[in-house]
Amino acid sequence: MNKQNTLTLVETLLIDYANGTLPLALEVLVETHISMNPASAKSIRMLLQLGGALLENSEPISLSEGSFEKLMAEIDSGFDKDREVYNNVSNDNKLLPLPLRNYAQDIDSPKSWKRIGIGLSEQAINFGDDFGSTKLYKISPGCSVPSHSHDGNEVTLVLSGGFTDEYGTYGPGDISIQETGAVHKPVADEDGECIVLAVNEGPIVLTGPVGRLLNMLIK
Amino acid sequence: MNFRVVEELISSLDMSMGSGFSNDNQNSLSEWDTCLLKIGKYRDKSAFKSLYEHFAPRLKSFLLRIGSDESAAEEICQETMIMVWRRAETYNPESAGASTWIFTIARNKRIDKLRKDSRPLPNINDPLFYQKPIDKSDDILQRTEEEKKIKNVLKNLPPEQAKLILSAYYDDKSHRKIAEETNLPLGTVKSRIRLAINRLRTQLEDFEG
């Protein structure tokens, strides 16, 4: 997909991230992307501030009678189910951007990778939902992913190293988007291993959220 | 998060109780930013009550406007405010104003509700969401100025653009509803929202003062 369409889609992904409507796999991909890309981080910051301003400007509507008292009673009961979740960040994978660490298996361990070609391995990531499929790919320097097409729309984020395909050159933090049926042959840069995160919305084409996002490009 | 800065703010907050505000940082914080800091530091329930009375009805109204029904809106409101109380000590005025911070928690709570499965959701204090200024300029000043600018630009938007901007925060169901009502493909609806946001970004860049 050309650069302009890719930019357009990334902008839409950022808006959908801010309003919280992305499936988990794409939410994690966007978080990882903004941890590597200051311009996108700035966009998200603006969108969250805008959300705050819209909240602040809203005409107040009363909650039902006794809501505050009910809330204080719950607070005083002291049960905090969220604490554990918030404190539970993995210590593995220190080389991966933070948002991904909890989901990927240890990337330094060969056991976490499945070899699928010459200089090419993959690791499936399970987000515990039925949305498409998400994989990490590790491509050795100068090696390529055999020319392939896509069953579903695919969003790929470069985590380290870089690759080049028919549409452009991508480095750490860059996003590349392949529409259903698009054919490409990514080749890893010569100067190092390339690791990418690829979220594919899967065989159910143009019905999932990504497909709907992509609709705007093919309308 | 920078605890030192927060400590300093709190102590200037203490001092300012009698003698008026002297610290520059202090001056740029809103009433609700300092209220949140107080709640975090002193677990002050009466400060929390004022914060609740200000934000909960606005949050409910906002959630209703972006697509939640009455009962979901109230539930998300309550869960958000509980989180505000429990996490107030982690509130960092360098990264966000009170309304942005509360909006972010509400966003996370709305997602939790849809997914029914909690994940370690990002905290807006995470450096992920704000780039430290490269020069040594003041983070709080930069942040409050960004937020002030957004408020000012929002105030002067033509109604049509303001409506589009709000719809950026609609849930999926509401986006489909607009598409149906206007007889436009969903992609076109989303595209218009994106363009409105881009226009706003340009307006922010051009905005002086």
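**Exercise 1. Does A:Q123 count as buried, partly exposed or exposed, judging by its C-beta neighbours inside 10 Å?**

Solution. The model is a predicted one, and within it A:Q123 has its place in strand β2 of chain A, which covers residues 120-125. The next step is to apply the cut-offs, by which a residue is buried with 20 or more other C-beta atoms within 10 Å and exposed with 12 or fewer. Because A:Q123 has 19 C-beta neighbours inside 10 Å, this residue counts as partly exposed. The surroundings can then be listed: leaving aside neighbours within four places in sequence, A:Q123 is in contact with residues including A:A104, A:W113 and A:K135. Of these, A:K135 lies twelve residues from A:Q123 in sequence, while their C-alpha atoms are 5.5 Å apart in space.

**Exercise 2. Describe how helix α3 of chain A and helix α6 of chain B cross.**

Solution. Begin with the axes of α3(A), residues 38-56, and α6(B), residues 98-115, which come within 7 Å and cross at roughly 100 degrees. Angles of 65 to 115 degrees count as roughly perpendicular, and therefore α3(A) and α6(B) are roughly perpendicular to each other. The residues that meet include A:L48, A:G52 and A:L55 on the side of α3(A), and B:I102, B:F103 and B:R107 on the side of α6(B). Sorted by class, this contact has five nonpolar, six polar and two charged residues.

**Exercise 3. Work out which elements of chain B touch chain A.**

Solution. Taken over the two chains, 59 residues of chain B are in contact with 51 residues of chain A. On the side of chain B that touches chain A, two or more residues come from each of α4, α5, α6, α7 and α10 of chain B, and α4(B) gives the most, with eleven residues. By class, that side of chain B has 29 nonpolar, eleven polar and 19 charged residues.

Note on methods. Residues numbered from 1 in each chain as written. Chains lettered and ligands numbered in written order. Predicted model: local features only at pLDDT ≥ 70, side-chain atom pairs only at ≥ 80, totals over all residues. Axes fitted to C-alpha atoms, helices over the stretch in contact; angles between N-to-C directions. Helix = DSSP H or I, 4+ residues; strand = E, 2+ residues; numbered from the N terminus. Parallel < 35°, antiparallel > 145°, perpendicular 65-115°, else oblique. Contact = placed C-beta atoms within 7 Å. Nonpolar A, V, L, I, M, F, W, Y, C, P; charged D, E, K, R; others polar.
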